[in-house]
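Here are some notes for a colleague who is meeting this structure for the first time.

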Amino acid sequence: MSDSTPTPPPATPGRTTPDEATPDKTTADKTTVDEVPPDGGERVEPRLTIGALARHTGVSERSLRYYEQQGLLTAERSPGGHRRYPERAVHRVIRIQELFAAGMCSSKIEQVLPCLRDEDGGPSGRATPLLMSDLTEHRARLDRLIAELETSREVLDQVIEAATGAE
């Protein structure tokens, strides 16, 4: 008897969807820290090592360091100087990847990120008129590129049809 539960579509290779990106707090390699402070205070938000964040997002550690250098991502430092990222960084990195895929450069992404809501639902900043103008221009460029690609695909379809003798 088969299970009637639909299976989700496969994720893009090398990318992690937000649903898949939730870190497993029980991993044997201790990549997250979820402890109650010795004084019995509030529970500390789990922190990811740079390696764990890279695995959860499919992004290289080198890229994560670059994102931090460009001001797109922030990390706390452990007493030993190691980077520690909050769990919400998984969603931030995925968002950064999506913006890079849309053709934005890191300096534009740095301006856009505060205007977007992350998975934590934190407040978003307001886009300036100049940023909105830049984003509108970028969208128009993408629309032109898409139209050009569609035309190229139509030409290629015609060539394939002609080459195979199909009518």
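**Notes on the model**

1. In this predicted model, the largest nonpolar core comprises 22 residues, and those with the most contacts inside it are Leu-53, Leu-64, Tyr-67, Leu-73, Tyr-85, Val-93 and Ile-109. Two or more residues of this core come from each of the elements α1 (50–57), α2 (61–69), α3 (89–101) and α4, and α3 gives the most, with six residues. In soluble globular proteins, nonpolar side chains tend to be buried together.

2. Ser-106 belongs to helix α4, which covers residues 106–112. Ser-106 has a relative accessible area of 9%, and because values under 20% count as buried, Ser-106 is classed as buried. Its side chain makes a polar contact with the side chain of Tyr-66 at 3.2 Å, and, leaving aside neighbours within four places in sequence, Ser-106 is in contact with Tyr-66, Gln-70, Leu-72 and Phe-100.

3. The structure holds seven salt bridges, and one of them joins Asp-134 to Lys-108, with the closest N and O atoms 2.5 Å apart. Asp-134 lies in helix α5 (residues 129–164) and Lys-108 in helix α4, so this pair ties together parts that are 26 residues apart in sequence. Lys-108 is buried, with a relative accessible area of 19%, while Asp-134, at 24%, is partly exposed.

4. Another salt bridge links the side chains of Asp-143 and Arg-139, at 3.3 Å from N to O. Both residues lie in helix α5, four residues apart, which is about one turn of the helix. Asp-143 counts as partly exposed at 39% relative accessibility, whereas Arg-139 is exposed at 55%.

5. Salt bridges that share partners also join Glu-68, Arg-77 and Arg-83 into one network. Within this group, the closest N and O atoms of Arg-77 and Glu-68 are 3.9 Å apart, and Arg-77 is partly exposed, with a relative accessible area of 47%.

6. As for the overall layout, the protein has five helices and four strands, and from the N terminus on the elements run β-β-α-α-β-β-α-α-α. Among contacts with a separation of 6 or more, 48% are between residues 24 or more positions apart.

Note on methods. Residues numbered from 1 in each chain as written. Predicted model: local features only at pLDDT ≥ 70, side-chain atom pairs only at ≥ 80, totals over all residues. Heavy atoms only, no water. Buried < 20%, exposed > 50% of the residue type's maximum accessible area, 1.4 Å probe, protein only. Polar contact = N/O pair within 3.5 Å; in protein donor to acceptor, adjacent residues only side chain to side chain. Contact = heavy atoms within 4.5 Å. Core = buried A, V, L, I, M, F, W, Y, C linked by side-chain atoms within 4.5 Å. Salt bridge = Lys/Arg side-chain N within 4 Å of Asp/Glu carboxyl O.
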